[in-house]
Structures are given as structure tokens and as C-alpha cells.
There are 2 protein chains.
Amino acid sequence: MDTHSTHLLVELWEANREKLDSVTGVREILVAAAEKARVTVLHSAFHRFSPVGVSGVVVIAESHITIHTWPEAGYAAADIFTCGDKAMPQLAAEHMAQGLESRRMEVTRVTRGVSRSQRAKPSLKPPHRASSIQA
Amino acid sequence: MDTHSTHLLVELWEANREKLDSVTGVREILVAAAEKARVTVLHSAFHRFSPVGVSGVVVIAESHITIHTWPEAGYAAADIFTCGDKAMPQLAAEHMAQGLESRRMEVTRVTRGVSRSQRAKPSLKPPHRASSIQA
């Protein structure tokens with residue numbers, strides 16, 4: 001079984017502070033981001049902090065999407081972790097940046113499920129794990 | 001506001017396949033891992049896939065803990081994302097490895113909330129964001 005996954009670590013800077021502080025808005029953006037990425041939402045949980053800030057996690061058939069916002073700093077940290085070759089995680093990142101009106105996005109792409117000793121070797125194209133999943 | 005956070009990307013290899021496939025067991029391990037890390041659990045969601053595999057996300061006051069398991073491969077990908085200076089994410093990683101009987105753990109530590117242009121500069125000790133949080 002191939003355990004390859006793609007994990008995008010997404011830093012969203014210079015975002016709209018009001019949008020970063022709306023739990024309803026952040027939830028809508030994450031669910032829409034999942035649609036853009038062509039992944040299947042299974043569960044989600046969101047929390048608004050006092051005085052400010054939102055955390056959200058979305059379990060998807062292909063792994064997860066999370067976000068944590070710091071409205072005072074105009075910043076959010078998002079993660080998009082997907083297995084399979086049908087997901088389009090970059091599209092989810094772009095949707096989040098657009099929805100939160102971030103003017104500067106930094107994305108780090110990490111390959112998960114590959115042992116350090118294996119990383120130097122050419123990687124095989126991962127199979128579509130999600131196809132064998134029943135929600 | 002300081003946005004520094006610590007994100008551990010944890011690869012758990014050669015783990016116990018039966019334990020990796022138990023949603024109840026994986027949930028117990030993640031909640032206990034949160035306790036070890038001295039973080040506060042707010043919400044959690046777990047999903048068991050057919051035919052095998054478990055995904056779990058835990059929203060904590062300090063950010064999140066997630067896991068995805070590939071029992072056939074004896075592998076799990078976990079993430080421990082914590083802000084504040086009181087959390088002990090490494091202890092959570094060690095607890096997960098122990099609970100899942102992983103014989104080989106690879107941990108990558110990533111600092112989040114720091115712009116790429118700032119990463120070369122010495123970082124300040126982050127404040128304890130969680131202290132201002134009310135669940």
C-alpha cells in the first residue's frame with residue numbers, strides 16, 4: 001500500500017482581520033476550499049476564541065484541512081493534507097487566500113508517508129486511496 | 001501579537017496494524033497524547049474507513065492534533081500544532097509512538113507563523129496564546 005500524501009503548509013499574511021475573526025465565514029471558506037480541491041468532507045469542528053481567533057478542522061476522505069487565525073496580526077495558518085491523485089490541494093489554498101483576502105500567501109509542500117531514507121529516490125505516482133473509502 | 005507556533009510532522013513507521021485500525025484505540029491515544037502535551041482538548045472528530053484506516057482530528061486550545069493511519073502499511077501520519085510556551089508537543093508524539101507501538105518515528109519540526117523573510121533572524125520566545133483563550 002502506498003502511503004504517499006501531499007501536505008501543504010499554508011501561511012496567509014495580510015488578510016482581512018474581520019474575516020479572520022468570523023467563525024461562520026471561516027467555516028464557509030474551508031468547506032468551499034474542500035470543494036475546490038475536489039475532496040469529500042466527512043466531519044468538521046470549529047471554535048471561536050475569546051477575545052479573538054478561530055480554529056477549524058475538517059476531516060476529509062482524503063485526510064484533513066485545518067486553519068487557525070490570528071485576526072490581530074492579519075494572519076492564518078492553514079494545512080491541507082491529501083492522499084490520492086485526484087485532490088487539488090493548491091486550489092484549496094488559493095480559495096482560502098482569496099476568501100480571507102490575504103495579500104501574501106506562502107506555501108510549503110511536504111511529501112508525507114515517505115521515509116527519510118527513501119526521499120532521495122524517485123517517487124512513484126500515488127494511487128487514489130480515497131476510491132476505496134466508504135464514508 | 002506573536003504568531004509563532006510549533007508544528008511537529010510525525011511519521012510513525014512499523015506500528016501495530018491492529019492498533020492503527022481501531023478508531024476507539026486511536027481516539028484514546030490522541031486524547032492521552034494531548035494530556036501529555038499539557039494542552040486543552042476542545043472538540044474532536046474521528047472516522048474509520050472501509051476496509052481499513054482511521055482519521056482523527058482534535059481541536060485544542062493551542063491549535064490541533066491530527067492522525068491518519070494506513071494499517072496495511074503499519075504507518076500513521078500525525079501532526080501536532082501548538083502555540084504558546086507551555087505545550088510539550090514532543091511528549092504527545094512520543095505517547096502516540098508508544099501507544100501505536102511504532103518502532104520508528106521520524107519527527108520534522110516546523111516553525112509556523114513566521115514569514116520566510118523573517119526566518120533567518122533570531123526568533124523571540126513566543127507568548128502563551130492559550131492563556132487568553134476561553135473555551
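The model under discussion is a predicted one. At this interface, 54 residues of chain B are in contact with 54 residues of chain A.

Polar and charged groups also take part. Between chain B and chain A there are 22 residue pairs in polar contact, counted where both residues have pLDDT 80 or more. The residues on the side of chain B that touches chain A comprise 26 nonpolar, 18 polar and 10 charged ones. Asp79(B) forms a salt bridge with Arg112(A), with 3.1 Å between the closest N and O atoms. As for the elements involved, at least two residues of the side of chain B that touches chain A come from each of β1 (5-13), β2 (41-48), β3 (54-60), β4 (63-70), β5 (75-83) and β6 (104-112) of chain B.

Within chain A, attention may turn to strand β1, which spans residues 5-13. This strand is mostly covered, with 8 of its 9 residues buried. Which strands does β1(A) pair with? One is strand β5 of chain A, residues 75-83, which pairs with β1(A) in the antiparallel sense over 8 bridges. Along this pairing, Leu9(A) stands opposite Asp79(A) of β5(A). Another is strand β6 of chain A, residues 104-112, which runs antiparallel to β1(A) and is joined to it by 9 bridges. Here His7(A) has Val110(A) in β6(A) as its bridge partner. In a regular strand, side chains alternate between the two faces of the sheet.

Terms used: Residues numbered from 1 in each chain as written. Chains lettered and ligands numbered in written order. Predicted model: local features only at pLDDT ≥ 70, side-chain atom pairs only at ≥ 80, totals over all residues. Heavy atoms only, no water. Buried < 20%, exposed > 50% of the residue type's maximum accessible area, 1.4 Å probe, protein only. Helix = DSSP H or I, 4+ residues; strand = E, 2+ residues; numbered from the N terminus. Pairing = 2+ DSSP bridges. Contact = heavy atoms within 4.5 Å. Salt bridge = Lys/Arg side-chain N within 4 Å of Asp/Glu carboxyl O. Polar contact = N/O pair within 3.5 Å; in protein donor to acceptor, adjacent residues only side chain to side chain. Nonpolar A, V, L, I, M, F, W, Y, C, P; charged D, E, K, R; others polar.
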